[in-house]
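Here are my notes on the structure that you asked me to look over.

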Amino acid sequence: MKVNKRTWIRTMCAAAAMAAVSGAAFAQGAPLKIGLLATLEGPFAAGGADGMRGAELALSQRGGVVAGRKIELVKASSNANPDVAVNATRKLVEQDKVEIMVGPLSGGEGIAVKDYSKTQPQVTFINGGSGAQATTLVNTSPNFFRFNTEGAQWMVGLGKAAMDKGYKRTMIIAEDYAFPYSQVQGFMAEYCRLGGKVPVKAWVPLGGKDYASVIARIPKDVDALLVVLGGADAVNFLTQYENAGGDLPMMGGSITVSQDVLNYKGKRRDSLVGTISAGPVADTFDGADWKAFVADYRKAYPVSAGGFPSPSLFAFVYYVNMKAALDGLAAVNGDLSGGQAKYREALSKMVLKTPTGDVRLDGNRQAIGTTFVTEVVKDAQGNLSTKVSRKVDNVDQTLGIKKEDFQMGTRDVPACP
Amino acid sequence: MSKGERLATWLLVGGPIAVFSIWALADNMRLYLVTLLNSLTLASLYFIVASGFTLVFGLMRNVNLAHGSLYLLGGYVGYVVARETGWWIIALAAGFLAAAIAGLLIQVLILRRMQGQDLRQTMVTIGLSIVIADILLWIFTGQVYQMEAPELLQGPIRGIPIIKAYSAYRLSLLGFGIAIGLFLWWLLNRTRVGTMIRAGVDDRAMLAAAGVNVNLVFAVTFMLGAGLAGFGGVIGAVELSMVPGEDTRLLLASLIVVIVGGMGSVPGAAIGAAILGLAETYGLAYAPTYSVVFTFVILIVVLAFRPRGIMGRPA
Amino acid sequence: MSAAKWRRAMHTGLTGAPVRARPQAVGRAGGRSAPAAAPTVDSYADSDAPRWLKYLWRTLGARHVFVLVFVLLLPFVASPFLTYQVAAQSLIFGLIALSLSFLAGYGGMVSLAQMSVAGMAGYAVAVLGASGTATSLGWAWWVVVPFALVIAVICSTLIGWLSVRTDGIYTIMITLAIGVAFYYLVLQNYTVFNGFQGFQKVYPPVVWGINWRDPMPFYFLCLFWAMAGYFFIQWLVRTPFGIALQGTRDNARRMNSLGFNVTAHRVAAYAVSGLLAGVGGVLLVWYNGLITPGSVGTGWLINVLVIAVLGGMKHPIGAFLGAIVFILLQTFAIDLIDRERFNLVIGGVFLAIVLFSPDGLLGLWAKLRSRFGPNQVLTSTPQRRQA
């Protein structure tokens with residue numbers, strides 16, 4: 001039969017497809033591609049945007065060049081769903097052929113990307129912001145590195161601070177997924193050991209808006225509330241709690257009093273002043289490196305251009321991880337040969353200088369770093385920020401507990417009613 | 001339904017609820033009463049938003065799945081206006097108008113061309129909802145916007161017996177719901193436009209045959225429905241904050257309210273909203289992991305035994 | 001009426017003129033020509049070749065061979081990434097969209113719960129089979145998969161039974177509500193569905209020494225099932241059941257008065273679509289290696305509708321066309337525009353399609369052909385269409 005138009009068009013389409021397929025694999029040349037994944041959509045969109053800013057800051061501090069090679073950042077976005085994150089990572093790794101991968105942001109995504117990293121041994125995966133314990137405790141991957149401390153490590157010191165303030169009984173209100181489990185475990189490990197009691201743990205669905213029922217369930221005899229909610233949820237809870245006549249003091253999880261919540265546009269934030277919390281950053285920490293970091297961030301991303309008044313936790317962790325990736329490259333002079341063996345060894349042994357102190361990796365390639373216990377203050381301009389009450393160094397993933405006694409955080413573990 | 005059947009239904013449904021209530025009151029009276037207030041106030045918000053949806057559905061057989069996006073639009077516009085002018089009342093009006101105008105544009109420019117093709121209209125509204133939601137995300141980013149309640153309504157009302165303190169704003173939600181309900185009742189039953197709308201819900205063709213400008217009635221109804229969504233958005237912005245994702249939640253709530261209450265019926269929307277609010281809030285308070293299952297079960301039961309909804313009428 | 005008589009009646013049309021010269025119908029009736037003179041002569045009618053070969057000779061055109069060769073050779077030519085992430089994913093979503101396309105195009109019921117049914121099958125595989133989570137039961141795959149499919153069919157039948165007793169437009173609302181309720185159920189329930197975490201490390205088994213998770217074997221697995229679904233639907237819509245279903249789509253009241261049980265046909269259609277969606281769901285959970293509530297959220301419920309509408313609901317191939325375009329956009333959009341604006345692009349494209357070409361890409365194609373091509377047998381006409 002004669003070749004009709006339809007067959008012809010289909011042939012052209014196929015040819016174009018083949019060309020695109022093969023065309024994508026042309027030679028790398030001198031530039032080095034690093035993939036960057038953050039949540040630019042969904043519940044952590046604002047945090048993800050700031051994370052990208054932090055990573056780009058780390059790169060621009062080196063002028064975009066490491067060991068004579070130009071660094072090209074290939075960005076991808078996810079929405080806190082693990083399958084979207086894995087698809088985005090797979091595209092960066094298999095299609096765009098990045099050699100180093102930095103990301104993702106959210107806890108569940110981190111676990112999924114870690115599982116994926118085992119199937120791609122030729123690429124080094126460095127965490128972005130994900131802070132779930134399981135990523136580097138269970139089924140670890142030899143090419144997944146995390147230079148930021150995780151959720152449980154971020155709460156070290158808060159239990160003691162709570163007891164010091166006289167909060168002997170606390171109710172915990174937290175979102176129902178991996179990261180808050182880690183946070184609660186980090187808090188309760190110390191708090192229960194010091195004699196504190198947690199009669200009720202209320203796990204709320206991520207993105208749930210109506211806290212009226214949770215608030216109604218607050219027992220009469222608790223001294224304080226530990227609120228481990230992020231973003232929109234924290235804002236809602238605070239408003240509804242105050243409106244319901246609640247007046248208990250609050251303690252916050254690490255992302256509860258992070259910059260993107262302290263920045264929310266509404267006057268309810270005044271009720272946050274005085275809240276204690278713990279995390280890897282404190283806005284008014286007076287370490288020289290930290291001040292330099294904040295100054296750099298403000299210069300590169302002024303508020304008018306969409307930056308926050310002070311870099312958020314997400315900007316910080318992405319900055320640290322990207323800095324580690326680049327410092328490691330510099331240490332091996334850009335040599336990624338031999339399955340990146342030298343590079344990975346450099347990463348494992350490196351002492352990374354971060355704005356908040358030194359970071360080393362443990363046997364599971366998890367960071368050992370610094371945690372700050374903080375309190376929320378209001379400065380002269382009316383901006384809210386966190387001030388340091390205590391700095392805890394060398395926090396490792398087992399939180400100082402013996403490995404045999406250590407239990408990962410879940411909904412019911414630990415428990416001290 | 002015969003008298004016997006009706007009695008049986010009331011017993012079957014009311015019996016377990018009565019037993020539960022007695023237990024809950026004895027167990028923790030404060031919790032029960034607070035939850036009751038919470039559910040009624042939440043139901044008011046759902047009613048305001050769903051009444052617009054049911055009007056549009058009832059009259060124009062158009063499942064407006066962009067209803068949630070209009071809610072979001074009204075909320076954001078209201079927020080911006082409140083920030084600029086400082087007056088909450090103006091923000092309410094602005095939210096209503098913004099959504100109403102958007103609704104008018106959608107009806108006149110797009111939906112009117114597809115008169116009679118219900119499915120295609122619905123798909124268009126789906127496309128519009130995606131586009132509107134993304135544009136709003138672009139402009140306002142994923143940040144949280146919490147609107148400030150007016151001075152009068154801020155803070156708790158103290159000194160209530162048993163409950164001790166309750167949010168003034170949430171009580172005002174109840175007031176708004178009742179006000180809107182009364183307004184709709186007056187509009188539908190005492191004005192000419194309302195008569196035309198009710199007639200159209202019953203028999204569209206006859207309405208046109210009677211010489212009424214059906215297009216105008218449609219446009220007015222769509223404007224009203226969309227405006228109610230926007231109005232609900234401004235009110236909800238204070239209580240629940242504005243964040244992308246709210247549109248889906250409110251859309252789902254409207255769907256359930258209309259399915260349970262019956263399409264095209266404003267009293268049905270009130271009943272449906274009350275049922276949904278009660279189920280959701282009590283579920284969250286007493287059995288948080290399974291609260292959704294209650295909503296599910298109610299939906300399924302109503303669909304199984306009364307597919308048109310409680311107050312729905314045959315097509 | 002026997003099946004053969006029925007087919008003959010359909011093919012001669014009400015006025016006795018042939019609606020569409022379909023030689024294979026003539027062949028099947030034993031070589032007798034249609035009552036009214038069919039313009040094409042059946043040149044194979046008298047040969048001694050077996051019937052199925054005659055059928056193939058008649059229906060296969062150059063385009064069929066071309067497509068077949070293309071899909072079979074693709075994994076050998078394209079990179080593993082394209083094979084796995086683009087091609088296999090398109091086939092999976094095409095299959096799920098096919099279930100919607102079948103319901104909507106041939107049954108007249110637009111159900112937004114297809115992705116939920118697929119999700120149920122996926123969750124069944126995760127919960128009953130092996131995964132990284134402690135609550136999984138760890139049964140063998142050849143027990144789990146049939147179980148998952150049965151669950152999907154049963155759930156789809158239930159959804160159908162709930163939805164069919166009302167008017168057509170109500171179906172979208174009800175199925176959307178059911179779909180979103182299912183999402184919240186798996187989000188908030190921990191004992192069975194493990195809530196927000198979902199299930200990780202749900203991998204296809206290693207069977208006959210092949211790891212079915214590798215790009216090429218997995219692609220062929222998806223291709224096999226996609227083709228099976230496609231041909232199954234092609235066959236089904238020509239059976240008496242399929243024809244009756246289309247009758248209920250066109251005029252339910254008339255079918256009712258003719259003695260057909262309209263509700264039963266519709267619920268059966270839901271069951272069939274549940275089977276397709278279930279297969280898609282099992283493949284999807286194997287593709288992702290995990291399943292979370294996000295996989296069955298509102299975004300995906302609507303995306304499946306977008307895919308089906310994009311491709312065109314008049315012919316089963318439309319679902320796969322739509323899926324290819326959608327997945328390509330989703331994967332490569334970030335190179336062209338901000339990935340964050342992907343939803344805007346997809347929403348805009350969907351809107352454009354619904355406004356200007358409600359039959360999707362297939363409709364566009366048909367319009368272009370009718371404008372530029374010679375007179376030909378139409379692949380899709382709005383009114384008189386059997387399959």
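1. A crossing of two helices is called left-handed if the near helix is turned anticlockwise from the far one by less than a right angle, and right-handed if it is turned clockwise. Helices (H or I, at least four residues) and strands (E, at least two) are DSSP runs, numbered from the N terminus. By that convention, α2(A) passes α11(A) in a right-handed crossing.

2. Please keep in mind that this is a predicted model, in which local features need pLDDT of at least 70 and side-chain atom pairs count only at pLDDT 80 or more, while totals for chains, interfaces and linings use all residues. Residues are numbered from 1 along each chain as its sequence is written, and chains are lettered from A and ligands numbered from 1 in the order in which they are written.

3. To return to the helix pair in chain A, the axes of helix α2 (residues 45-61) and helix α11 (residues 313-331) come within 7 Å and cross at roughly 35°; axes here are lines fitted to C-alpha atoms, for helices over the stretch in contact, and angles run from 0 to 180 degrees between N-to-C directions. The residues of α2(A) that meet α11(A) include Gly47(A), Gly48(A), Gly51(A) and Gly54(A), and among their counterparts in α11(A) are Phe314(A), Tyr318(A), Tyr319(A) and Met322(A), where contact requires C-beta atoms, placed from the backbone, to lie within 7 Å. The residues of this contact divide into twelve nonpolar, four polar and three charged, with Ala, Val, Leu, Ile, Met, Phe, Trp, Tyr, Cys and Pro counted as nonpolar, Asp, Glu, Lys and Arg as charged, and the others, Gly among them, as polar.

4. Chain A also holds an open sheet of six strands with mixed pairing, in the order β2-β3-β1-β4-β5-β6, and two strands count as paired if DSSP finds at least two bridges between them. Its edge strands are β2 (65-66) and β6 (144-145), each of which pairs on one side only. β1(A) and β3(A) run parallel over eight bridges, with Lys33(A) opposite Glu72(A) in β3(A). Strands β4 (residues 100-102) and β5 (residues 124-126) of chain A are likewise parallel, joined by three bridges, and Met101(A) stands opposite Phe125(A) in β5(A).

5. The antiparallel part to look at is the pairing of β2(A) with β3(A), which rests on two bridges and places Val66(A) opposite Arg69(A) in β3(A). In the hairpin that these strands form, two residues lie between the strands, and Ala67(A) takes a positive phi near 50°.

6. Which strands of this sheet does helix α3 (residues 82-95) of chain A lie across? The helix lies across β1 (32-39), β3 (69-78) and β4 of chain A, and runs at about 155° to β3(A).

7. Helix α4 (residues 107-117) of chain A is largely enclosed by the rest of the structure, because eleven of its eleven residues are buried; a residue is buried if 20 or more other C-beta atoms lie within 10 Å of its own, exposed if 12 or fewer, and partly exposed in between, with C-beta atoms placed from the backbone. The buried residues include Glu109(A), Lys114(A) and Asp115(A), as well as Ile111(A) and Val113(A). What covers them includes β3, α3, β5, β6 and α6 (178-193) of chain A.

8. Chain B has twelve helices and two strands, and buried residues make up 56% of its 315 residues. Among its contacts between residues at least 6 apart in sequence, 75% join residues at least 24 apart. The C-alpha atoms of chain B fill a box of roughly 60 × 55 × 35 Å, taken along the principal axes.

9. Chain C has 16 helices and two strands, and 49% of its 387 residues are buried. Its helix α7 (residues 141-163) packs against helix α12 (residues 262-288) at an angle of about 140°, with the axes 7 Å apart, and the crossing is right-handed.

10. Finally, the contact between chains C and B takes 33 residues from each of them. On the side of chain C that touches chain B, α8 (168-188), α13 (298-311) and α15 (342-356) each supply at least two residues, and α8(C) gives the most, with eleven. By class, that side has 23 nonpolar, seven polar and three charged residues.

Note on methods:
Two residues are in contact if their C-beta atoms, placed from the backbone, lie within 7 Å.
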